[in-house]
Amino acid sequence: MSTTNTSGRRKTAVARIYLAAGSGNITVNGKDYTVYFPTLPLQYIATQSLNVAESLANFDVKVNVQGGGIKGQAEAVRLAIAKALVELDPEVKPALRAKGLMTRDDRMVERKKPGRRKARRRFQFSKR
């Protein structure tokens with residue numbers, strides 16, 4: 001089997017993955033995924049697609065991820081792995097779709113407006 005490459009995005013994070021047959025090693029930006037994603041919830045998010053497809057020990061995943069925060073990066077990795085698994089085996093798509101792993105979350109940060117402190121927050125009012 002050859003290598004399958006896909007990408008996933010979340011907020012401003014972009015993950016490019018290379019999925020190949022192997023023993024379950026996941027490398028993110030040259031580090032093991034347990035080092036790159038130090039907390040258990042982030043590790044769970046990053047491997048959720050492989051767990052749902054019941055193929056955690058069947059593939060080696062090499063990930064390049066950049067931009068955004070660590071949570072957005074984990075979710076971008078999750079989407080990219082799900083897309084690669086479906087590319088290899090379309091039979092797992094209903095299971096992944098049922099867990100909501102095939103849909104890109106398109107919510108982005110709202111831009112700051114002029115005359116406001118943030119996107120919607122107004123400046124403090126004082127009645128001097």
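This is a predicted model: local features need pLDDT of at least 70, side-chain atom pairs count only at pLDDT 80 or more; totals for chains, interfaces and linings use all residues.
## Ground rules

Residues are numbered from 1 along each chain as its sequence is written. Local features need pLDDT of at least 70 and side-chain atom pairs pLDDT 80 or more, while totals for chains, interfaces and linings use all residues, and side-chain values use heavy atoms, leaving out hydrogens and water.

## Overall layout

The chain carries four helices and five strands, running β-β-β-β-α-α-β-α-α along the sequence. Helices (H or I, at least four residues) and strands (E, at least two) are DSSP runs, numbered from the N terminus.

The C-alpha trace spans about 70 × 30 × 25 Å along its principal axes. Of the 128 residues, 37% count as buried, meaning under 20% relative accessible area (1.4 Å probe, protein chains only).

## The opening hairpin

Strands E1 (residues 4-10) and E2 (residues 13-21) pair in the antiparallel sense over seven bridges; pairing takes at least two DSSP bridges between the strands. Thr-4 of E1 stands opposite Leu-19 in E2. Two residues separate the strands of this hairpin, and Lys-11 in the turn has a positive phi of about 50 degrees.

As for its faces, E1 has Thr-4, Thr-6, Gly-8 and Arg-10 on the covered one, with Asn-5, Ser-7 and Arg-9 on the uncovered one.

How values were computed: Buried means under 20% relative accessible area, exposed over 50%, partly exposed in between (1.4 Å probe, protein chains only).
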